[in-house]
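The following report describes a structure of two protein chains in contact. Please keep the sequence and the coordinates at hand while reading.

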Amino acid sequence: MKTIGTFEVDGLTLREPPARDACFKVVTRDAEMQEFAPDDPRALRETVHRHMSNEITSLDIAAQCILEFPDAPWELRLELARQCWDESRHVQVLHRRLTELGGHKGEFPISTFEWSITCALDSLAGRLATQNRTFEAGAMDVVGQLAPAVEAAGDPETAAVLQGILADEVHHVRFANRWIKSFVEQDRRVLLKVAGAVRFLDRANAALQSRKGEANAAGRAMDAPEARVPAVNVEDRRLAEFSDDEIAVILKQAGFRSLVQP
Amino acid sequence: MSLGVPERARHVGTFRFLSVRLMETVAAWTPTTPEMEVKVMFGRHIWDFAQHADALGRRTFELRQRAQQSFPPSDAYTALLDEVLAVEGTAARLAALYDGLLPAVRRRYEEYAAAVDAVVDQPTLVIVERILADLGRQRAEADRVRRELGLATPGGEPLLARERALPLLSAAS
């Protein structure tokens, strides 16, 4: 069986992208994506397309974890298998919504950044810390903010799709939090793997994210990375079993901006 | 004379092994298959196979084995599973799995159902019924996605015939 190889960026060894339909243009750097100004008619389609692409990547990552960690506890493999189904439904429903909005797959560039980082890590705890506990938890913040904004802009259909996805993501983050705690209780050295994964992610982010004022592929000047941190979805992070101390740290990183739940 | 408890436990544990291997095979194919619609179908089927394995693994405990106990099949059968895992290309993968291996596995379940006392082993048969229903749905979904994408259809018959000639259970059973 062929395996997916690696590539180098700024001294980091990342995983080559997973397979994608030929219609997709896969890019590596943030600035190569097309993120439009909110009032641009293409903005919502690009957002839906981006989320759809991220869900494909999440499916690929969960599947790869099942493959590459055959000795993981059965209950955790079961969670990952369930996640595969959840992510595949998310792809389906976002693709349906994209089509309803007049878009199509491959309409905008996509990135498989999350795969390239997560699947470069050699421990399952590290992957759960990166993909589920960081990327998916970050998506909870983004979607928690986006869904009400889309609804307020007069698109309840897209908002309902996003809210449905958000509920599933809470559990993906929660099971990762539970299993990381369980692994650490069994072996404190797992903490080193988790810390190493977080450092690796920080370095990759620094290498690949756009800088303040840099123009993206849509010609829009990007904000500074710290200004792009979304407000924290405190309620869902609690449901996902982040501790109050952990939420306090995340709030600090986000400039103490939190979502106000309706 | 229907199968006794040790033989049934061996079969159920072997079916569990097959379900786990099917989950792993489809999981292995997901990142290396380009078509989004096929990935989406694989995502559902990974979860199906995981649930089959889990239900069978609960049943092994009821049959005096460890919970989630798997028994590897015969070496020849394991080699066939390895061969399927190594198939490259979307159309060839779909043919190997949905036209070849899964119809063969389906027949193994049906043979098992015919070999046990339908009342004594009803808890296993309830699981098998559910699995057979899922396998039928999976085949229909694979056919639909092939039609949608214009992928070449059936071609798993040689694999189906080869599987038929192999012993499922390992010699240890």
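Two residues are said to be in contact if their C-beta atoms, placed from the backbone, lie within 7 Å. This is a predicted model, in which local features need pLDDT of at least 70 and side-chain atom pairs count only at pLDDT 80 or more, while totals for chains, interfaces and linings use all residues. Residues are numbered from 1 along each chain as its sequence is written, and chains are lettered from A and ligands numbered from 1 in the order in which they are written.

**Chain B**

Chain B contains 6 helices and 0 strands, and its elements follow the order α-α-α-α-α-α from the N terminus. Helices (H or I, at least four residues) and strands (E, at least two) are DSSP runs, numbered from the N terminus. Along the principal axes, the C-alpha atoms of chain B fill a box of roughly 50 × 25 × 25 Å. A compact globule of 173 residues would have a radius of gyration near 16 Å, and the 16 Å of chain B agrees with this. The radius is taken over C-alpha atoms, and the globule rule is 2.2 Å times the number of residues to the power 0.38.

Of the 173 residues in chain B, 47% are buried. A residue is buried if 20 or more other C-beta atoms (placed from the backbone) lie within 10 Å of its own, exposed if 12 or fewer, and partly exposed in between. Among contacts in chain B with a separation of 6 or more, 80% join residues 24 or more positions apart.

B:Leu80 belongs to helix α3 of chain B. Leaving aside residues up to four places away in sequence, B:Leu80 touches B:Arg162, B:Glu163 and B:Leu166. B:Leu80 counts as partly exposed because it has 19 C-beta neighbours inside 10 Å. B:Gly89 lies in the loop between α3 (75-85) and α4 (90-115) of chain B; with 13 other C-beta atoms within 10 Å, B:Gly89 is also partly exposed.

| Residue pair | Distance along the chain | C-alpha separation |
|---|---|---|
| B:Leu80 and B:Arg162 | 82 residues | 8.7 Å |
| B:Gly89 and B:Arg59 | 30 residues | 36 Å |

**The contact between the chains**

The contact takes 27 residues from chain A and 23 residues from chain B. On the side of chain B that touches chain A, α1 (5-29) and α2 (36-62) each supply at least two residues, and the largest share, 9 residues, comes from α2(B). The residues of this side comprise 12 nonpolar, 5 polar and 6 charged. Here Ala, Val, Leu, Ile, Met, Phe, Trp, Tyr, Cys and Pro count as nonpolar, Asp, Glu, Lys and Arg as charged, and the others, Gly among them, as polar.

Helix α6 of chain A (residues 190-208) has 19 residues, which at 1.5 Å a residue should span 27 Å; its end C-alpha atoms are 27 Å apart, in agreement. The expected span is 1.5 Å times one less than the number of residues. The buried residues of α6(A) are A:Val190, A:Lys193, A:Val194, A:Ala197, A:Leu201, A:Ala204 and A:Leu208. Seen down the axis of α6(A), these residues fall within an arc of 95°, so they line one face of the helix; the arc is that of the directions from the helix axis to the C-beta atoms. On the other side of α6(A), A:Ala195, A:Arg199, A:Asp202 and A:Ala206 are exposed.

The buried residues of α6(A) pack against β1 (6-9), β2 (12-15), α3 (113-118), α4 (124-152) and α5 (156-186) of chain A. β1(A) and β2(A) pair in the antiparallel sense over 4 bridges, where pairing requires that DSSP finds at least two bridges between the strands. A:Val9 has A:Leu12 in β2(A) as its bridge partner. The two strands form a hairpin with 2 residues between them, and A:Asp10 in the turn has a positive phi of about 45°.
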